Amino acid sequence: MAERMKVLVVDDEAPARSLLREYLGAHTDLEVVGESANGFEAVKAISEQAPDLVFLDIQMPKLDGFEVLELLEPDAHGGRTPAIIFCTAYDEYALRAFEVHAVDYLLKPFGRERLAEALGRARERLAFAAARRGEPAGTPSATEPPAEPSPTALAHTARGPGRFAQRIVVRDGAQVHVIPTERIEFVEAQDDYVSIHEHTAAGARSHLKHQPLAELAESLDPARFVRIHRSYVANVECIARIELLAKDQRVAVLRDGRQLPVSRSGHDRLKELLA
């Protein structure tokens, strides 16, 4: 007998969780292993329960649905990433949902038939994933595999449609740091990581995040953040002045006196922005 699909329900509204549980109860090949009322609970539950499928709301307090995906650890549970079905009352996130390879996008209110359709897609996705790992799957595979979630696709900085990032989330062991972008002074590339330097009331601090600098830079507002060097993105509001050290060799001096290298192309970007 095939193992039942493990399902996690994530929604900040209790009536929505209850209704979805009721609908899911008609499907005997799955088991609801838990539910979460916010993004922090969801990250913890996914790590501990290792569900096969997550029904994920988007607009939630503390962390939204995309931020939850960003904080998943791709190497956990043998590198298996759960299939994601978004459940939301807002249709404007649909494009972004499929950019992160969601199985489906359920627009509230939805009925039993629409849910059954989404579950069918999830079964196909999970069957293909199991087949590629060489594991037995309870559902026959189709001829063409659906796209699978990947760590790269899920690593986008969380943001709403048509907006730049308002905050960056960083996972540090069991802790999750939520950094408003206005507090970021600069970002430094460190191999496959970035070091995010922020200023708080308690002073300066930095956070290490597994993400390419170019990818993070694309999510930041170009009216505020400039790629001043191949290894640095700076918040122009934190730059006190630009100093010329030698011919074509410049540094950006921050308000606290720290210096960052500025390349020729970075200087051109600064001049264009500040003109």
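How many salt bridges does the structure hold? In this predicted model, the structure holds 19 salt bridges. The sections below describe selected salt bridges, then aromatic pairs, and finally a sheet with the helix lying across it.

**Salt bridges**

Side chains of opposite charge can pair when their charged atoms come close.

| Glu35 | Arg17 | 2.8 Å |

The salt bridge between Glu35 and Arg17 links distant parts of the chain, since Glu35 belongs to strand 2 (residues 30–36) and Arg17 to helix 1 (residues 14–24), 18 residues apart. Glu35 is partly exposed, at 34% relative accessibility, whereas Arg17 is buried, with a relative accessible area of 12%.

Glu117 and Arg121 both lie in helix 5 (residues 112–133); because they are four residues apart there, about one helical turn separates them. Glu117 is partly exposed, with a relative accessible area of 39%, and Arg121 is partly exposed at 37%.

Arg205 is partly exposed, with a value of 41%.

**Aromatic pairs**

Four aromatic pairs occur in the structure. In one of them, the ring centres of Phe66 and Tyr93 are 6.2 Å apart and the ring planes meet at 45°, so the pair is tilted. This pair, too, links distant parts of the chain: Phe66 is in helix 3 (residues 65–70), while Tyr93 is in the loop between strand 4 (83–88) and helix 4 (94–99), 27 residues apart. Phe66 is buried, with a relative accessible area of 2%, and Tyr93 is buried at 9%.

Phe186 and Tyr232 form another tilted aromatic pair, with 6.2 Å from centre to centre and 45° between the planes. Phe186 lies in strand 8 (residues 184–190) and Tyr232 in strand 12 (residues 232–235); the pair therefore ties together parts that are 46 residues apart in sequence. Phe186 is buried, with a relative accessible area of 4%, and Tyr232 is buried at 15%.

Phe66 also takes part in a cluster, in which ring pairs link Phe66, Phe86 and Tyr93.

Strands of a sheet pair through backbone hydrogen bonds, either parallel or antiparallel. Here, three strands form an open sheet in the order 13-14-15, with antiparallel pairing. Strand 13 (239–246) and strand 15 (259–262) stand at the edges; each has a single partner strand, so one side of each is left without a neighbour in the sheet. With direction ignored, neighbouring strands of this sheet are turned by 30° against each other on average.

Strand 14 (residues 249–254) runs antiparallel to strand 15 and is joined to it by four bridges. Arg250 has Val262 in strand 15 as its bridge partner. Helix 7 (residues 264–274) lies across strand 13, strand 14 and strand 15, and runs at about 100° to strand 15.

Definitions and conventions. Residues are numbered from 1 along each chain as its sequence is written. This is a predicted model: local features need pLDDT of at least 70, side-chain atom pairs count only at pLDDT 80 or more; totals for chains, interfaces and linings use all residues. Side-chain values use heavy atoms; hydrogens and water are left out. Rings of Phe, Tyr and Trp (its six-membered ring) pair if their centres lie within 6.5 Å; planes under 30 degrees apart count as stacked, over 60 as edge-to-face and the rest as tilted. Helices (H or I, at least four residues) and strands (E, at least two) are DSSP runs, numbered from the N terminus. Buried means under 20% relative accessible area, exposed over 50%, partly exposed in between (1.4 Å probe, protein chains only). Two strands pair if DSSP finds at least two bridges between them. Axes are lines fitted to C-alpha atoms, for helices over the stretch in contact, and angles run from 0 to 180 degrees between N-to-C directions. Contact means heavy atoms within 4.5 Å. A salt bridge is a side-chain nitrogen of Lys or Arg within 4 Å of a carboxyl oxygen of Asp or Glu.
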